[in-house]
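Subject: Structure for your review, with notes

Dear colleague,

I am passing on the structure below, together with notes on what turned up when I went through it. Please read the notes with the coordinates open beside you.

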2 protein chains.
Amino acid sequence: KSRTAILCAIADVVGVGLGVIIGYFSHPAPAAPIYPTENPTISKLLMDEMKAKNIMNNLKTLTSRPHIAGQEQEEIVLVDWIKQQWTEAGIDSIVVHPYDVLLSYPKQNDSNYVSIKLANGTEIEQSQRKELVIDAEQNDPNVVDPFNAYSPPGEPEAELVYVNFATIEDFIALNRTYKINTVGKICISRYGRIFRGDKAVHAELYGCIGLILYSDPLDYTVPWSGVYPEDWFPPTGAQRGTLWVDNGDPRTPNYPSIPSAWHQSNSSLTLPKIPVTPIGNIDAIKYLSKMGGPEVPTDWRGGMNITYRFGPGFALEHVNRYVMSGKNTVLIKMSVKTTNQVATIHNVIGYVRGAVEPDRYVLLGNHRDAWVFGAIDPSSGTATLMELVRGFGAMLKRGWRPRRTLVFCSWGAEEYGLIGSTEWVEELQKELQARAVAYLNVDIAVQGNYSLAANGVASLSQAVFDAAKTVSNPNPTEVSSGRLTLYDTWKLRYPASVGDKPSYYGLGSGSDFTAFLQIIGIPSVDLRHTYDQSIGLASYPVYHSVYETFELVNKFVDPGFKIHLAMAQVWGELARKLADVPILPVDCRVYATDLAQKRDALYQQYGSKMESNGIDFSQLNDTILIFTTSADNIHKRIASIDSTNAYETRMINDQLMQLERAFIDQNPLPGRVAYRHVISAPSQHNTYGSTAFPAVVDAMFDIDVDPDQTGRWDEVRRQYSILVFHILSAAATLNPTVPT
Amino acid sequence: KSRTAILCAIADVVGVGLGVIIGYFSHPAPAAPIYPTENPTISKLLMDEMKAKNIMNNLKTLTSRPHIAGQEQEEIVLVDWIKQQWTEAGIDSIVVHPYDVLLSYPKQNDSNYVSIKLANGTEIEQSQRKELVIDAEQNDPNVVDPFNAYSPPGEPEAELVYVNFATIEDFIALNRTYKINTVGKICISRYGRIFRGDKAVHAELYGCIGLILYSDPLDYTVPWSGVYPEDWFPPTGAQRGTLWVDNGDPRTPNYPSIPSAWHQSNSSLTLPKIPVTPIGNIDAIKYLSKMGGPEVPTDWRGGMNITYRFGPGFALEHVNRYVMSGKNTVLIKMSVKTTNQVATIHNVIGYVRGAVEPDRYVLLGNHRDAWVFGAIDPSSGTATLMELVRGFGAMLKRGWRPRRTLVFCSWGAEEYGLIGSTEWVEELQKELQARAVAYLNVDIAVQGNYSLAANGVASLSQAVFDAAKTVSNPNPTEVSSGRLTLYDTWKLRYPASVGDKPSYYGLGSGSDFTAFLQIIGIPSVDLRHTYDQSIGLASYPVYHSVYETFELVNKFVDPGFKIHLAMAQVWGELARKLADVPILPVDCRVYATDLAQKRDALYQQYGSKMESNGIDFSQLNDTILIFTTSADNIHKRIASIDSTNAYETRMINDQLMQLERAFIDQNPLPGRVAYRHVISAPSQHNTYGSTAFPAVVDAMFDIDVDPDQTGRWDEVRRQYSILVFHILSAAATLNPTVPT
């Protein structure tokens, strides 16, 4: 009986087991796929995968020879190297986009110079045509001598006038306050404060026939600094750089320079019409020390041990010393042989296909071209990008794949005016408009060991902070002071004016995020590790000079490349998060706060004047309140979202992604084909700077002296209404997609 | 033992049962939601739900009083009625969008007229200021007398010149061939062939100081037609209509007329500067019969029993007859008291929320405003829309809900220049850009009993055909001939020139699809049931006259309202399909064919001339081949798609939806702020017409006489390159979103 019972029990157990199997498989299988979700462990795995030494080796390779845009080293050797490296890294696909574009070069056997020309035709005090070779590694036949791209050739001779930074305010002051006439003169301006291209625009506007740009020690070094090669200030260096104030191939505004492109004729290009050339501190002193005319005011003085004077022309003592023939002319002469040339440039684009949403792109970009060796600008960034691609490739090999597609971009010809990135954005505009989640730019990765600095759209600030919090501090002193992450040092050294956060400002122009943000409205971020920016340097001393070499970086900027590694980690973590989390880390509420701050700043600057001309600030106030409510509400909806519902998730993400698009005007800012963002765009008079509410502020600029007060105020009112409309429109994009 | 065995067996069965239960619930539940898919049975249920009698009653209500834009009947009474009807229908939400816009009205106690003015100041042969009331239902104090909107007021007096249709070609012929000077003259033009606003532009361009528009019987009736009220040709009617050639509020180009909007000053509006007024056939004969000058060529002759002459001025016999004072002046005088006025207009927008993708919109729109009673234009369409909304409401009550959101739009002030729809698209541009799947317009639903006619973007032609195939033929004669559906009669009566299909052409302008298609690139369709368009009517005879009444429709156009019902059905079925099927019924391959046909047409018209000026047609050919390949490939991918994968489905649908966006240029067509579509836009010289490759064709127009041949050909080349680029860009949007 017990045997029967045992058999029975066995049968029962078997029966239960059978039943479980039947029951299990009789259940309807999930009809819809379950999508993989974020794998947060990848964050640390990726960081650990990347090595400082690899970045160092990348930088060595990248800087082994000069690699200016349009030339063999840049367009063939490095393009091939990047393709090969990325292929080895194992990313999914690589596409090279070539473009024929207008570049500019000096005449290598007759380089540009400045001199003092005497009445008898003798030229004295000629500036150096080449930068002095101090270390052997600067010695390369392919070094392109100092020049400003897109200067026309010319040999103007005229009296010299000192114009400070050649800002629009400087020229206004020269005219109105100091009564110095610049018409027909050669101007000399210090580098710094604004984009050099705007200096040329202003000089041309005020009638100058030539412009000399020089680096004043006040702006490019500090009193406690030594001189190259003991420290990184080389008085013999000269800052190369473009003068092109719009972006992309100057011959194809708004459209890509593809083979079927139409090109503007040379005569209708909006390039500078006066010769411009850069000189170093060592040469500038020759001319500035001899100038006549009244002394400049205190804030116009540079750091050389001379008396800074306006001119025009040289002081009588110097004229008398030189003039022997009796003709009382001692002029500055510029010899500029720079000419424009069409060349082929290349963008290299690498893809890691998204597992769930391959049609959503997180883009990471850096330019490849340099004026000379470019060890800081941009190869510190390129070396970092290369290691980051290798790191992501290693994650792919572990079986990981991000939710969205990662797009790695190596841009050509950025130095000439963001040409590679602009042409590509123009070409892929429709795809990017529909699909790009964010563009993350690193131009220079490391130009100093002081702190991370970030600029970007307001809605991504928190995502950048969060990424910086995950990265170990590369500075051992900081770590021993208890600041364990990049974020901690950033917050200490660059604190925000409000709140317990690091500072994080809007984007002007000056690097490859511009087309993404300003043509399409793709949320963009620009990351860089800097020197202490409070000491007032216009840029790091060797910027765009022949001295930007591997050894300089290795010796002064980041020995051991730990900071480079940290930059790879913060960039990678930000990209990983944007590419992998189900709900995009976009914070619309921060945008609301940012708008309110911008409104306050506008009101402080121009409020009473605008109100007394009939502009109703309550419209802007009310509009920002509406935006704030919409922003709060979408985040409430996000908090209760069912993220397994693909369509609901995608809907919210699309709204978050599209927010920045809502600030793009269908028409460009007045007179500026390259800019359409109504909240933040480069200032009209300084392409580097970011201006809040740019069209309104531009219309207000110096309004009192405009003879057409009616027309000008009408333009202010028009731009104000366009601004208010776009904020309302942005609020609407955040609201529930069907009104209730 | 057997009892034990039975117990054992029972235990076993219980065990199995227990196991099944355990097994069933131990299975992981589907983690992702299963989305409802198309319910095709709704198609027939919706058709059966709708009733001709309801449409008839709707039309009665809508046409009970004149309802011109900006006035109480239109903006308050009908808006309230629509809201109330839609609320009763049970749709999810209704939003009313008001806009203050510039409209135009005649002076009701001093209506516009034309007369012959003698030297002594006497005016004779004055035209009727009001249309003759023939039936009591035309008698309403709110009838606004014939006028052309946005004419300036004025009383010009001058000799009369007959300018045929006032096309640009007519004026060129007048100038070059017939040597008739129109400067300082009043022109008289027949209505038809082109948009009346363009006639005014041309007349102004050629120096006329006034323009009279009249309906010639050749263009507005047929020999076998009777006269109103026996048939629908009323010689006493006059065609009202706008002269505004751009779209939307003339004061706010490109931006919505919301409360914060900036308005152009009156002096900078681009409205007509010469008085324009319409007259009827009965009046035109008084002036045209007396004209002097040479006889016009055959194709310039109208259908009145007179000798058509150019002028200028009257024939000597008439001058002699009238002139008694000896002064030899007998002039035409126009008295136009029309003025512009700001008024508030309203769009009523109703929503049916999508169950799966609420952020994808299928829009259905019709305008509500009429020049007078508007029984055909637009209330035949409005009456149909109302029944369609009721029908969809009934489906909601059955528990159905479409996959995507349906948006029903009742537009204000279309007659003045598509104002309601344009302002709304301008205001919601960013949301629509991201979310709108298609816009389906019905302006006039029924203007004849001959056949359905459809215009639209190429990619939706097959969807329109498929919808028409599902709708029973409202014509019993056709049914008895075996043509059971709307499609069958359409294919017979308007066959396509190629293939066994009905004809289906591109969209010009002239109704509310314009802003959707031309500003954003939303795929659009325009449906209408027409009279036989081969008989050469410029429009149906009572168009825009006081005679467009309910009884006229009930008596002549669609007794029984069966055609109206068929229109509700085809419109509804097209919308249902676009809103409900998982993969959008967008056919990119048809677009490829359409592009090839357009290229052939361009080549035939201008190919040799363009090639001899260095334009490489192989670029366009190659580009269209690339597009064709991309189109073929996306449909191959669609064929193998896993439509339970939400992200994959959405990706493909987004690509299909975005295709049309790719043809929108970021810059408007040259000199035309309202148009950005590079493949198809209204012709520059006829806003009603659709021009293929409009910017290229406009640049080629009359190119030989341009004194600046270099500049003009450069513009042709520029526009050609922009066209080629956009086709390449469109092809790219269809390619896999990550390159392989």
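The notes that follow begin with conventions and then go from domains to strands, rings and backbone.

This is a predicted model, in which local features need pLDDT of at least 70 and side-chain atom pairs count only at pLDDT 80 or more, while totals for chains, interfaces and linings use all residues. Residues are numbered from 1 along each chain as its sequence is written, chains are lettered from A and ligands numbered from 1 in the order in which they are written, and side-chain values use heavy atoms, with hydrogens and water left out.

Domains of chain A

Chain A is divided into domain 1 (41-102 + 341-580), domain 2 (107-337) and domain 3 (588-734), with bounds that come from an automatic or database domain assignment. The C-alpha centres of domain 1 and domain 2 of chain A lie 31 Å apart, and 46 residues of domain 1 of chain A are in contact with 50 residues of domain 2 of chain A, where contact means heavy atoms within 4.5 Å. Between them, these two domains of chain A bury about 3,600 Å², of which 63% is on carbon and sulfur atoms; buried area here is the accessible area (1.4 Å probe) that two parts lose on being put together, summed over both. On the side of domain 1 of chain A, L102(A), P541(A) and Y547(A) supply 20% of the area buried against domain 2 of chain A, more than any other three residues.

Strands and a buried loop residue

Helices (H or I, at least four residues) and strands (E, at least two) are DSSP runs numbered from the N terminus, and two strands pair if DSSP finds at least two bridges between them. In chain A, four strands form an open antiparallel sheet in the order β3-β2-β11-β5. Strands β3 (123-124) and β5 (157-158) of chain A stand at its edges with a single partner strand each, so one side of each is left without a neighbour in the sheet. Strands β2 (residues 113-117) and β11 (residues 331-335) of chain A run antiparallel and are joined by five bridges, with S115(A) opposite K333(A).

V336(A) lies in the loop between β11 and β12 (339-352) of chain A. With a relative accessible area of 1%, V336(A) is buried; the classes are buried under 20%, exposed over 50% and partly exposed in between (1.4 Å probe, protein chains only). V336(A) and P153(A) are 183 residues apart in sequence, yet 4.9 Å apart in space, C-alpha to C-alpha. Leaving aside residues up to four places away in sequence, V336(A) touches residues including N112(A), S151(A), P153(A) and P275(A).

In chain B, strand β8 (residues 210-214) and β10 pair in the parallel sense over four bridges, and L211(B) stands opposite V276(B). From β10 (residues 276-279) of chain B, V276(B) and P278(B) point one way and T277(B) and I279(B) the other way, and all are buried.

Rings and charges

Over all chains, a search of the whole structure finds 64 aromatic pairs, counted when rings of Phe, Tyr and Trp (its six-membered ring) have centres within 6.5 Å, with planes under 30 degrees apart taken as stacked, over 60 as edge-to-face and the rest as tilted. The rings of F550(A) and F561(A) have centres 6.0 Å apart and planes at 15 degrees, so the pair is stacked. F550(A) is in helix α17 (residues 550-557) of chain A and F561(A) in the loop between α17 and α18 (562-580) of chain A, eleven residues apart, and both are buried. Ring pairs also link Y105(A), F147(A), Y150(A), W371(A) and Y416(A) into a cluster.

A charge sits over a ring if NZ of Lys or CZ of Arg is within 6 Å of the ring centre and within 35 degrees of the ring normal. The charged end of K469(A) sits over the ring of Y487(A), 4.7 Å from its centre, and the charged end of R718(B) sits over the ring of W262(A), 5.8 Å from its centre.

Backbone points to check

The peptide bond from G311(A) to P312(A) is cis, with omega near 0 degrees, and P312(A) is in the loop between α8 (281-288) and α9 (316-322) of chain A. Another cis peptide bond joins D377(A) and P378(A), with omega about 5 degrees.

With regards
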